[in-house]
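The exercises below are meant to be worked with the sequence and the model side by side. Try each task before reading its solution.

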Amino acid sequence: MRKEVLFMAFVAFSLQLCAQQKCSIQGTVKGLTNGEVVELCRIHGNTMETFTSDTVYGGKFAFEVEVVTPPVEHILLLSRSDGFPNTFLDLYIAPGQKVNITGENKLVKTWQVQSSIEEQAIQNRFVEAARTYMDQRQILQVVTTSMWKKISETKSSDEQKQLRDSIRQVYYPQIDSLEYLVMKKEIELMREMPVNPIWMYKLESLSSNVAKREDFPYTEEARALFQDLTTEQRGTELGLKIAAQLFPPQILQVGDRQMDGDLYDLQGNIHHLADYQGKYILLDFWSVACVPCLMAMDETGEVSEEWKNKLTIVSISTDEKAVWEKVCQVKKLSWVNLNDLKGSRGICAYYDLKSIPYYVILSPEGKIVHTWSGYQKGIIRKKIGEWVK
């Protein structure tokens, strides 16, 4: 009997200890409707994956979340229900901690978050600095989402065109302007704040815009902030990514020799593009977050087999290792499937990947003969037929 009591006490203690290791998230937000769903997501490279959800009742929702990457993990909270903007709330969680979320509306990006986690306090400072512009931007996002839904429901082509033109010519420029105002406030705060993990993520966001937008207004400000980093901070994985985006390498053009480097297969073996010279090579840059990339795979496999005597297809994933390995368990690529594990700062940086899928045709001598981006059915077969003689 005594042993049974001790065992039950041990089980109760173990359950209590497990509960203490989870992070409790409690939400109380006015303006929510019963039945709406709130989701928690994790970021894996270029992808965002929902790992749990809760249904709103009485304006409340709650989660008990295991922290996967202690001591502190960054996750996202969002809702795909009607009336919510197409954005998310940044949350920081830690084992045994309590996170309380409050709000007055569905503008999820600027809900108030209270906890004793230092990273959340820093994130809150950024939100407060730009709250007005963030709210305005979210309101416009709700409007445009509603308009896109209306476009899908109406049968009138004239009305569809009018709505699309209004979104692209009126609303999107306003949303971009408000985004720039948010960035301006964040930059002002970064100038007076010591470098910390949140600061680094904000700089990475700025550097990403530098790389993607030719007319980005804060390029020099982002580069000036980078100069404040120590050598150690610049040498971190995030620091190297920021540097690659702020100071991109010279972009290769048609006629240039290929850029080569260490490329890994799923077993960890190293390959080089030079290994495949002697035939034409089709480089296929892709990501699991890119729907057209996945749609293209059937045709890629067919072309790889049809042209195997003259062509080698080399797919290069831009995803982090875990995401790449996971999707390859489902998508069985029968052609060469590699990854340099450097994301945007790796080999793809030399090919100016503004969008994916992105394709590069290399001659048997290793020179670039043609490039294009995007996928529609038949385009890979058409391009190969034009260029591979």
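How many helices and strands does the secondary structure of the protein chain come to? The model is a predicted one, in which local features need pLDDT of at least 70 and side-chain atom pairs count only at pLDDT 80 or more, while totals for chains, interfaces and linings use all residues. Residues are numbered from 1 along each chain as its sequence is written, and side-chain values use heavy atoms, with hydrogens and water left out.

**Exercise 1. Count the secondary structure, as asked above.**

Solution. Helices (H or I, at least four residues) and strands (E, at least two) are taken as DSSP runs, numbered from the N terminus. On that basis the protein chain has 11 helices and 15 strands.

**Exercise 2. Find the centre of the largest nonpolar core.**

Solution. Begin with burial, where buried means under 20% relative accessible area, exposed over 50% and partly exposed in between (1.4 Å probe, protein chains only); 42% of the 389 residues count as buried. Next, a nonpolar core is a set of buried Ala, Val, Leu, Ile, Met, Phe, Trp, Tyr and Cys residues joined through side-chain atoms within 4.5 Å. The largest has 47 residues, and those touching the most other members are Ile25, Phe61, Leu77, Leu91, Ile101, Trp111 and Leu203. Helix α4 (residues 197-212) gives this core its largest share, 6 residues. A second, separate core of 23 residues includes Leu282, Val327, Tyr375 and Ile380.

**Exercise 3. List some of the residues that Leu91 touches.**

Solution. A contact means heavy atoms within 4.5 Å. Leaving aside residues up to four places away in sequence, the partners of Leu91 include Ile25, Leu77 and Ile101, and also Glu73, His74 and Gln120.

**Exercise 4. Trace salt bridges that link separated parts of the chain.**

Solution. A salt bridge is a side-chain nitrogen of Lys or Arg within 4 Å of a carboxyl oxygen of Asp or Glu, and the structure holds 20 of them. One of these joins Glu49 to Lys326, with the closest N and O atoms 3.3 Å apart. Glu49 lies in strand β3 (residues 47-55) and Lys326 in helix α10 (residues 321-330), 277 residues apart. Another joins Glu302 and Arg381 at 3.1 Å, N to O. Because Glu302 lies in helix α9 (residues 297-306) and Arg381 in helix α11 (residues 379-387), this pair ties together parts 79 residues apart in sequence. Glu302 is partly exposed at 41% relative accessibility, and Arg381 is partly exposed at 30%.
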